Amino acid sequence: MCCKLRSLNFDRIPLENQLVKAKYDYDAKYARIHKRLIEKDPLIDSERKLFEDLKGLKSAVTTEIQQNANSLENESYVEKMMMRLVVSQFKKEQKIDINTTDVRRINSSIVKEYRNEYNGYVA
């Protein structure tokens, strides 16, 4: 019985991962970012609120990258651009009171995901 329960629990994890990924239009980057921000020292009490924030951020980042396709080549520029977009989305758009450490944590996760994708290190 114990092993069967463990097996059921493990089967549930991939399904939850797929559901989170589906929320972000099957963008694995944002599913991983979402999980990181929920798992360790959550920024927001509500996963739904985090989803809304990240979805808005995803839209802003996509627009920014489409306007300047070569921007991902310059890591320094990407970090500054993402920082600006994170602050704009979380503090200004969603009115979430986050501190500098949280902004850096979010920014670091997002930059890492985009740089990995750009460099072909997609998991």
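Is the crossing of helix 2 and helix 3 right-handed or left-handed? Hold that thought, everyone, and let me first say what we have on the screen.

This is a predicted model, so let's begin with confidence. The protein chain has an average pLDDT of 83, and 89% of the residues reach at least 70. Residues 1-8 are another story: there the pLDDT is below 50, and the stretch has zero contacts in the model beyond near neighbours in sequence. Where pLDDT is low, the predicted coordinates should not be read in detail.

Now, back to our two helices. Helix 2 covers residues 28-39, and it packs against helix 3 at an angle of about 140°, with the axes 11 Å apart. Because of that angle, helix 2 counts as oblique to helix 3. And here is the reply to my opening: the crossing of the two is right-handed.

Who makes the contact? Helix 2 brings Tyr30, Ile33, His34, Leu37 and Ile38, while helix 3 brings Glu47, Leu50, Phe51, Leu54, Leu57, Lys58 and Val61. Sorted by class, that contact of helix 2 with helix 3 has nine nonpolar residues, one polar and two charged.

Let's stay with helix 3, which spans residues 47-67, and pick out one of its residues, Asp53. Is Asp53 buried or exposed? Its relative accessible area is 0%, so Asp53 is buried. And which residues is Asp53 in contact with, once we leave aside its neighbours within four places in sequence? They are Ile44, Gln89, Phe90, Gln94 and Ile96.

Notes: Residues are numbered from 1 along each chain as its sequence is written. This is a predicted model: local features need pLDDT of at least 70, side-chain atom pairs count only at pLDDT 80 or more; totals for chains, interfaces and linings use all residues. Side-chain values use heavy atoms; hydrogens and water are left out. pLDDT is the predictor's confidence in each residue, from 0 to 100. Contact means heavy atoms within 4.5 Å. Helices (H or I, at least four residues) and strands (E, at least two) are DSSP runs, numbered from the N terminus. Buried means under 20% relative accessible area, exposed over 50%, partly exposed in between (1.4 Å probe, protein chains only). Axes are lines fitted to C-alpha atoms, for helices over the stretch in contact, and angles run from 0 to 180 degrees between N-to-C directions. Angles under 35 degrees count as roughly parallel, over 145 as roughly antiparallel, 65 to 115 as roughly perpendicular and the rest as oblique. A crossing is left-handed if the near helix is turned anticlockwise from the far one by less than a right angle, and right-handed if clockwise. Ala, Val, Leu, Ile, Met, Phe, Trp, Tyr, Cys and Pro count as nonpolar, Asp, Glu, Lys and Arg as charged, and the others, Gly among them, as polar.
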